Every structure is written in structure tokens, then in C-alpha cells.
Amino acid sequence: MAKKITILVRSCPYGMATSAEAFRGVVGLAGMDHKVKVVFVDDGIYSLKKDQHPEIIEMKDISKGYATIGDFDAENYILEEDMKERNLSPDDFALGNIINKDELKKIIDDSDVVMSFS
Amino acid sequence: MKLGFVVRTGPYTSQNIDTAYELAKRALAKGHSVEIFLYEDGVLSMNKYINSPDERNIAGRMSELIQSGARITGCGLCAKFRGIKKDMIIENTKLSGMAVLSKLVETSDKVITLSF
């Protein structure tokens, strides 16, 4: 039976494998028909930032990976409070829906499983 | 009840695998079933060559859980990236793909992620 899964991405991309491994988890789970919502919180929000140049350190642009998860009916969300705390605005992101903490709470309440990648 | 564990950190650096072991051991003793998916550095805990003089042997602890009925699978790609080969892993465990993680999530009543 497919489950409703929330994946929390909490660490910045490239410094650790966290965001990339969360992405692999998202594809693996959403590809098996689970209903996956990915919420970027804390420094995890940088994963979806526009104009990344990870090729300088021989890495791949993680935002381009997350841009494809809609193909598996998975969705990307960015936590508004963490965005503001970092002096960023919705225009700074390549993709993702902005949600606040109350909406995050509803998403978590509605989930069967929450997996945190921090 | 079935408990599913996802452990993302390696042995001896973080307590996560020890926490999974302690919880799993007690859950199994109470008649619950346990499945563990070792992800990222977590796969290092299934290396049968772990040698820890005068300290708890984490690979041994994984074997103990298997003998008590737990199922333990490691992420095959994570193992490949870390040079862990099939002949290096403890008996009655296997390396597999994300389909196993998907199945664990699907079939567990509770999923516990042990991360950084």
C-alpha cells in the first residue's frame, strides 16, 4: 500500500551528501508510487537556489534533480521562515512552493512517515 | 507491530547504530518484527571484518539481531561507493536497492530514521 511520506532536507547541498542522498531516497520512494512531499528547511533550502555553480567543485546541480521529481508526482516545498532568516526571497529559488510553519505542521500531521535528512 | 529502521551514519562515529540495536533487540524480545535498512555510511556496520578490541563489535551486534529474527539490508550503491563488496558483509544480510527501502516503509507500522 502506498504511503504518504514527508522527506525533510535540513543540510546545505555539497558540504555533505545529505541533500543528494535525500534526492535518491525521493526518487526511490516516489518511483514506487508512494506519495512524497519534500520539505526544505534550515540550510536545506539552499538545495533549490537559482544559479548554482557546483561544477567548480566537480559536483552536479542538485536543484536540477529536484526539478524532475514532479514526474513521480512528488512535490518540493521551502519553509518561509527559514528563507527569511537567510535573507532570501521566493525569486532566489529555481523551484519549490513556499510554505509557512503552520502548513509544514499540516503536511507532517497528514504523513504516514517522516524521514529527516540532516 | 513491525518497526522499520533507516540508519544513515557509520559505526563508532555516531551512536545511531547502537540506538537501533538497543531498540531492535528489545522490540524483538517483545515479539515485534524488525527490519533495518543501512543507508550511506550505515552500510559500514555490516562489514564482517570489523575488529574492535575491548569494545562492542557492531557487526557482531547486527548478526545477533539477525539471529533474533531481524532483517537487515544495505544500500548496494552506498556500499559500492565505499568499497564494501558482497563477500565482506555479515551472513544473512544483503545489499540491495531503493525498492527495499520502499518496501520497508510500506510494510512497517513505524519507521524510525536515525540520522545526523
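1. Two residues are taken to be in contact if their C-beta atoms, placed from the backbone, lie within 7 Å. The model is a predicted one, and in it the contact between the chains takes 16 residues from chain A and 13 residues from chain B. On the side of chain A that touches chain B, α1 (18-30) and β5 (113-117) of chain A each supply at least two residues, and the largest share, five residues, comes from α1(A). By residue class, that side of chain A divides into eight nonpolar, five polar and three charged residues.

2. In chain B, five strands make up an open sheet with parallel pairing, and their order is β4-β3-β2-β1-β5. The edge strands are β4 (94-96) and β5 (110-114) of chain B, each of which pairs on one side only, and the twist from one strand to the next averages 25°. Strand β1 (residues 2-7) of chain B runs parallel to β5(B) and is joined to β5(B) by five bridges; for B:V7, the bridge partner in β5(B) is B:L114.

3. Leaving aside residues up to four places away in sequence, A:Y77 touches A:K37, A:V38, A:V39, A:F40, A:G96, A:N97 and A:I99. With A:I99 the separation is 22 residues in sequence, while the C-alpha to C-alpha distance is 6.5 Å.

4. The largest nonpolar core has 65 residues, of which A:I7, A:V26, A:V38, A:F40 and B:I36 touch the most other members. Again not counting residues up to four places away in sequence, A:I7 touches A:A22, A:G25, A:V26, A:V36, A:V38, A:M115 and A:F117.

5. Which residues of helix α4 (residues 98-107) of chain B are buried? They are B:M98, B:L101, B:S102, B:L104 and B:V105. Seen down the axis of α4(B), these buried residues fall within an arc of 160°, and they therefore line one face of the helix. The elements that cover the buried residues of α4(B) include β1 (4-9), α1 and β5 of chain A, together with β1, β2 (33-38) and β5 of chain B.

Methods. Residues are numbered from 1 along each chain as its sequence is written. Chains are lettered from A and ligands numbered from 1 in the order in which they are written. This is a predicted model: local features need pLDDT of at least 70, side-chain atom pairs count only at pLDDT 80 or more; totals for chains, interfaces and linings use all residues. Helices (H or I, at least four residues) and strands (E, at least two) are DSSP runs, numbered from the N terminus. Ala, Val, Leu, Ile, Met, Phe, Trp, Tyr, Cys and Pro count as nonpolar, Asp, Glu, Lys and Arg as charged, and the others, Gly among them, as polar. Two strands pair if DSSP finds at least two bridges between them. Axes are lines fitted to C-alpha atoms, for helices over the stretch in contact, and angles run from 0 to 180 degrees between N-to-C directions. A nonpolar core is a set of buried Ala, Val, Leu, Ile, Met, Phe, Trp, Tyr and Cys residues joined through C-beta atoms within 7 Å. A residue is buried if 20 or more other C-beta atoms lie within 10 Å of its own, exposed if 12 or fewer, and partly exposed in between; C-beta atoms are placed from the backbone. The arc is that of the directions from the helix axis to the C-beta atoms.
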